[in-house]
Amino acid sequence: MTADTMKLEDELPVIDFAGIRGPESKNIREKIAKACEWGFFQVINHGIDASLMERVEEAYKEFFHLPVEEKQKYTTEGADYEGWCSAKLEPNPDEEENGFINRKTCEFMYHVVLSADPNHTRRVPKYPTALRPTVLEYMKQVKEAEENVLAAMSEALGLEAGSLRKCVAPADVSIRGNFYPLQTADNIVGSVPGHSDMSMITFLQADKVPGLEIKKDDRWVRVKPLPKAFIVNMGDCIEVLSNGRFRSVEHRAYGNDTQERVSLASFYVPSKAATIGPVEEILDELHPPRFRYANYGDLLKTFFKKGADGKGYVEALHIKT
Ligand code: OGA
Ligand code: NI
């Protein structure tokens, strides 16, 4: 697990969203589009309220600190795999991994917070009481910032600003709170294994304790996040929709032995009814489709069954020539 010590923050593009609606708008949107081709960037002045970021992180931390018996009431279930998941609950906790998390100590909680399905019921935990209202408000703000990025990407593809959003509408926005407890002599540190996200795009809040690693030119490099920044990455769906112009990037994350770590990954995901495939307007004789078309709901089912698989899901749709 030796990550390269090279400082990725020297390379990771930083985008300042301030002025996205002013005269600088065109410049900023062009920068965003360029960074999306890279696959990963950090965004500052993103419009998401700083105190809300703190409060939502605190609420997740408080939940993860609850006794196992309380957390177990929310064990992952149902078609959306929502709830709390810990490798500790596996029949054989010494197993190297359960698809989503490695080793004994890592846990996460996943919820579709803004669902387009009117019948969807949110099983966000009752405790801490601040969690539900805080995460709801947080996701609304994150969704808006995500749609700003998607608009810039649509324009970069020569499409109308709302195009990518419309291709996958009505989108869901979900959040995965990851908890990496402190590593101790008898507590092996947990990790999230190498994967690319299935989403269109992901906003990751992890600005306090480093631990995220990105696969860049076949090397794993660690990201040092800027305070109050979000780390934005492209998901598999956008790689397919953009016919490979925007790239999802493999990443993984670890805890450590000096500080516990909480990260919040907010996924902008297509409607389950959406067809995922290259947007037709960007195809022509010189640019034939490089990916097959698939139903997003079906892709998601396979993902929940198989777990993390590097860039396996996007590769499975790749048309080999
Ligand atoms: C994820 C993820 C990274 C982290 O939840 O999809 O990549 O830093 N998390 O926890
Ligand atoms: Ni991820």
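Two cavities of 30 Å³ or more turn up in the structure. A cavity here is a set of points, on a 1 Å grid over the protein atoms alone, where a 1.4 Å probe fits but cannot get out, and its lining residues have an atom within 4 Å of a point. Grid points are joined across faces, edges and corners, and a volume is the space filled by probe spheres set on the points. The model is a predicted one, so local features need pLDDT of at least 70 and side-chain atom pairs count only at pLDDT 80 or more, while totals for chains, interfaces and linings use all residues. Residues are numbered from 1 along each chain as its sequence is written, chains are lettered from A and ligands numbered from 1 in the order in which they are written, and side-chain values use heavy atoms, with hydrogens and water left out.

The largest cavity holds about 520 Å³ of space. Its lining runs to 38 residues, with Arg-176, His-195, Asp-197, Phe-267 and Phe-303 nearest the centre. Two or more lining residues come from each of strand 4 (107–114), strand 5, strand 6 (191–195), strand 7 (201–205), strand 11, strand 12 and helix 7 (296–306). Helices (H or I, at least four residues) and strands (E, at least two) are DSSP runs, numbered from the N terminus. By class, this lining splits into 22 nonpolar, nine polar and seven charged residues. Ala, Val, Leu, Ile, Met, Phe, Trp, Tyr, Cys and Pro count as nonpolar, Asp, Glu, Lys and Arg as charged, and the others, Gly among them, as polar.

Ligand 1 takes up the space of the largest cavity, where sitting in a cavity or pocket asks for more than half of a molecule's atoms within 2 Å of its grid points. There are 13 residues around ligand 1, and Asn-178, Tyr-180, His-251, Arg-261 and Ser-263 come nearest; a residue is near if one of its heavy atoms lies within 4 Å. This shell has six nonpolar, four polar and three charged residues. At least two shell residues come from each of strand 5 (172–180), strand 11 (251–254) and strand 12 (261–269), and strand 12 gives the most, with four.

On the polar side, contacts are pairs of N or O atoms within 3.5 Å. An N or O atom in the side chain of Arg-261 is 2.8 Å from an oxygen atom of ligand 1, a polar side-chain atom of His-251 lies 2.9 Å from a ligand oxygen, and for the side chain of Asp-197 the figure is 3.3 Å, again to an oxygen atom of ligand 1. The protein covers 97% of the 290 Å² of accessible area that ligand 1 has on its own, by the Shrake-Rupley method with a 1.4 Å probe.

The second largest cavity has about 50 Å³ of space. Met-198, Asp-236, Cys-237, Val-240, Ile-276, Leu-299, Tyr-313, Val-314 and Leu-317 line it, with helix 6 (236–241) and helix 8 (312–317) each giving two or more of these residues. The lining is made up of eight nonpolar residues, no polar ones and one charged.

Of its 18 lining residues, Lys-215, Arg-247, Ser-248, Val-249 and Lys-311 are closest to the centre. Helix 1 (25–38), strand 8 (212–216) and helix 8 each supply at least two lining residues, and strand 8 has the largest share, three. Here the classes come out as five nonpolar, two polar and 11 charged.

Most residues other than glycine have a negative phi, and most peptide bonds are trans. Tyr-127 and Pro-128 are joined by a cis peptide bond with omega about -10°, and Pro-128 sits in the loop between strand 4 and helix 4 (131–156). Another cis peptide bond links Ala-169 to Pro-170, with omega about -5°; Pro-170 is in the loop between helix 5 (163–167) and strand 5. Asp-218, a residue other than glycine, has a positive phi near 65° and belongs to the loop between strand 8 and strand 9 (219–222).

Definitions and conventions
Polar contact = N/O pair within 3.5 Å; in protein donor to acceptor, adjacent residues only side chain to side chain. 1 Å grid on protein atoms, 1.4 Å probe; cavity = no way out; pocket = protein on both sides within 12 Å on 5 of 7 lines; lining within 4 Å.
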